[in-house]
Amino acid sequence: MTTPHQVTPRLRTPVTETDHVRGPVDAPVTLVEYADFQCRFCGVAYANLAELLRQRADRVRLIYRHFPIANMHPYADDAAQVAEAAGIRGRFWELHDWLYEHQDQLDPVHLSLGVEQLGMSADEIDARRGSRPTATGSGGTSSAVSAAGWTPPRPCSSTAPGTTVGTSSPTCWRRSTPPRPSSHHAP
């Protein structure tokens, strides 16, 4: 039997001040999530991570990094860019939560309405995100990922979002991806 977990000696892209962090800096456990706002598996992970952070607020911190898969999710790149524009105003986590709680409403019209619901100016957000590239990069991932300096974890999958788990002093990191749908059931 094989496991979907891969163990590496350290996180290849260290956590920096440019990352979006939720939780205490000195938390003994750090989760680094590479996610896509339009991915239904990431939406399930969002709910689970929110509950984990609620229950273990003093012991876990979450690092969020964008991993939009533009060739599968047409609104994911725009959602990531809007979240980054909100982040410039110190409102990343508010918009992050709204995006996952309204995953079926990421088209441009609803996205603008969501920005306004949170009390931000859609025009200002659009102006800030207009400077970011929107073309699809290699491997089906958006250039918003590379433009912001984020890279998917290696040697892990470069085509699926996932979560990397480790201690805050990363001597051992473990990455898990959502389960793949199976056409048969195990006995």
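## Close-up views of side-chain pairs

**View A. The salt bridge between Glu-94 and Arg-91.** Glu-94 and Arg-91 form a salt bridge in which the closest N and O atoms are 2.6 Å apart. As in every view below, the structure shown is a predicted model. The two partners fall into separate accessibility classes: Arg-91 has a relative accessible area of 18% and is buried, whereas Glu-94, with a relative accessible area of 37%, is partly exposed. The value for Arg-91 is 18%, and the residue is therefore classed as buried because the limit for that class is under 20% relative accessible area.

**View B. The salt bridge between Asp-19 and Arg-65.** In this pair, the closest N and O atoms of Asp-19 and Arg-65 are 2.8 Å apart, and the two residues form a salt bridge. Asp-19 is located in the loop that runs between β1 (6-8) and β2 (20-22), while Arg-65 belongs to strand β4 (residues 60-66), so the contact ties together parts of the chain that are 46 residues apart in sequence.

**View C. The salt bridge between Arg-89 and Glu-124.** Here the closest N and O atoms are 3.6 Å apart, and Arg-89 forms a salt bridge with Glu-124. This pair links distant parts of the chain, 35 residues apart, with Arg-89 in the loop between α2 (76-88) and α3 (92-101) and Glu-124 in helix α5 (residues 122-129). Arg-89 is partly exposed at a relative accessible area of 33%, and Glu-124 is likewise partly exposed, with a relative accessibility of 28%. Side chains of opposite charge can pair when their charged atoms come close. The count of salt bridges comes to five, and among them are the Arg-89 to Glu-124 pair of this view, the Asp-19 to Arg-65 pair and the Glu-94 to Arg-91 pair.

View D. Gln-117 lies in helix α4, which comprises residues 108-117, and its relative accessibility of 58% places Gln-117 in the exposed class.

Definitions and conventions:
Residues numbered from 1 in each chain as written. Predicted model: local features only at pLDDT ≥ 70, side-chain atom pairs only at ≥ 80, totals over all residues. Heavy atoms only, no water. Salt bridge = Lys/Arg side-chain N within 4 Å of Asp/Glu carboxyl O. Helix = DSSP H or I, 4+ residues; strand = E, 2+ residues; numbered from the N terminus. Buried < 20%, exposed > 50% of the residue type's maximum accessible area, 1.4 Å probe, protein only.
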